[in-house]
Amino acid sequence: MKDLKQRGLLDDTLVIWGGEFGRTVFGQGDINNKKQHGRDHHPRCYTTWMAGGGVKKGTTYGQTDDFCYNVARDPVHVHDFQATLLHLMGIDHTKLTFKFQGRHHRLTDVFGNVVKGLLA
């Protein structure tokens with residue numbers, strides 16, 4: 001990140017980091033057995049980190065409940081996330097289509113809204 005910023009490339013480069021699933025803040029299983037306890041995976045909440053390329057600096061968007069299990073505020077569906085990424089790359093997600101089995105499909109299907117709160 002420092003290198004991109006130092007060279008003036010961060011404004012034009014979209015950097016994205018994301019995990020596979022979210023994690024709960026609490027442990028589960030037998031705490032006396034290292035192979036049978038840990039933090040659980042769950043698909044409802046996850047973290048994605050973005051910088052540069054038109055993303056609003058210093059923004060935290062969305063919030064989980066106190067157990068990091070459910071979305072409490074500002075959910076972002078995967079279609080909205082994809083629409084936002086395409087927008088940041090200068091692509092209108094409603095016009096990016098491919099033909100399959102006689103129908104035009106798009107990455108965001110018939111859904112997807114750009115998350116304006118993430119844009120600089």
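User: How much space lies in the largest pocket?
Analyst: About 1100 Å³. A pocket here is an open set of points on a 1 Å grid over the protein atoms alone, where a 1.4 Å probe fits, with protein on both sides within 12 Å along at least five of seven lines; lining residues have an atom within 4 Å of a point. The volume is the space filled by probe spheres set on the points, which are joined across faces, edges and corners. Keep in mind this is a predicted model: local features need pLDDT of at least 70, side-chain atom pairs count only at pLDDT 80 or more, and totals for chains, interfaces and linings use all residues. Residues are numbered from 1 along each chain as its sequence is written, and side-chain values use heavy atoms, leaving out hydrogens and water.

User: OK, overall fold. What's the order of elements?
Analyst: From the N terminus on, α-β-β-β-β-β-β-α-β-β. Helices (H or I, at least four residues) and strands (E, at least two) are DSSP runs, numbered from the N terminus.

User: Compact or spread out?
Analyst: The protein is more spread out than a compact globule, because its radius of gyration is 18 Å, well over the 14 Å that the globule rule gives for 120 residues. That radius is taken over C-alpha atoms, and the rule is 2.2 Å times the number of residues to the power 0.38. The C-alpha trace spans about 55 × 45 × 25 Å along its principal axes.
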